[in-house]
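Subject: Structure handover

Hello,

I am passing this structure on to you, together with notes on what was found in it. Please look through the structure before reading the notes.

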Amino acid sequence: LSASSDNYRVSLVASDRADSGLLQQAKELGLPWLCTEGLGGRDEQEEALAEAVEGAGADLVLLNGYSRVLSPRLVGEWWGRCLNMHPSLLPDFGGLFDRRVHEAVLSQARRESGCTAHLASEHVDAGPPLVQLRCHVDPEQDDVEKLRARVQGLEASAWAE
């Protein structure tokens, strides 16, 4: 996570999980942050998120490691400027997250994996893909953590695309 570059400025980091690594990085960098975990149900959490995004003046919302599906209301409000990152080559393994994706890739002896940046929709991992980056899977050398680290490295590059 970097606070800014010539192309962007991070105006808010939000997570639905208090143990989020990105949230911790935001705190260390002194960036504005929000954790919606424990703020009530889905409606209350989404309202807090929407208010924070609007208050931060964000032009684009990037969901990376966000584990909740957004409501149709929020998707409609943010359509075209809300992107999600998924740690697979969608549509493969849509609906799975984190370690489960990489476990599935390895258990099915896939030779390729990667990540997909796509428009967020109200359906799990179903929005139109924008960028897919690929990496080789070596079933003899890779385990879940090695593959996960490699795909996470691709995710940073995909956001830059």
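This is a predicted model: local features need pLDDT of at least 70, side-chain atom pairs count only at pLDDT 80 or more; totals for chains, interfaces and linings use all residues.

Residues are numbered from 1 along each chain as its sequence is written, and side-chain values use heavy atoms, with hydrogens and water left out.

The sheet

Four strands form an open sheet in the order β3-β4-β5-β6, with mixed pairing. Helices (H or I, at least four residues) and strands (E, at least two) are DSSP runs, numbered from the N terminus, and two strands pair if DSSP finds at least two bridges between them. β3 (61–64) and β6 (129–136) are at the edges with a single partner strand each, so one side of each has no neighbour in the sheet. Strands β4 (residues 82–86) and β5 (residues 112–119) are antiparallel and share four bridges. Methionine 85 stands opposite alanine 117 in β5.

Threonine 116

Threonine 116 is also in strand β5. Threonine 116 is buried, at 0% relative accessible area (buried means under 20%, exposed over 50%, partly exposed in between, with a 1.4 Å probe and protein chains only). Its side chain makes a polar contact of 2.9 Å with the side chain of glutamine 132; such a contact is a pair of N or O atoms within 3.5 Å, where within protein one must be able to donate a hydrogen and the other to accept it, and residues adjacent in sequence count only if both atoms are side-chain atoms. A polar atom of the threonine 116 side chain also lies 2.7 Å from the backbone oxygen of serine 88.

Glutamate 155

Glutamate 155 belongs to helix α5 (residues 144–160) and is buried, with a relative accessible area of 10%. Apart from neighbours within four places in sequence, glutamate 155 is in contact (heavy atoms within 4.5 Å) with Asn64, Met85, Pro87 and Cys115.

Salt bridges

The whole structure has 11 salt bridges, each being a side-chain nitrogen of Lys or Arg within 4 Å of a carboxyl oxygen of Asp or Glu.

- Aspartate 98 and arginine 148 form one with closest N and O atoms 2.9 Å apart. Aspartate 98 is in the loop between β4 and α4 (99–107) and arginine 148 in helix α5, so the pair ties together parts 50 residues apart in sequence. Both belong to a network of salt bridges that links Asp98, Arg99, Glu103, Glu145 and Arg148.
- Glutamate 112 and arginine 134 form another, with closest N and O atoms 2.9 Å apart. Glutamate 112 is in strand β5 and arginine 134 in strand β6, so parts 22 residues apart in sequence are tied together.
- Arginine 42 and glutamate 46 meet at 3.7 Å, N to O. The two lie four residues apart in helix α2 (residues 42–56), about one turn of the helix. Arginine 42 is partly exposed at 37% relative accessible area, whereas glutamate 46 is buried at 5%.

A helix end

Serine 20 caps the N-terminal end of helix α1 (residues 21–29), with a side-chain oxygen 3.3 Å from the backbone nitrogen of leucine 22.

Regards
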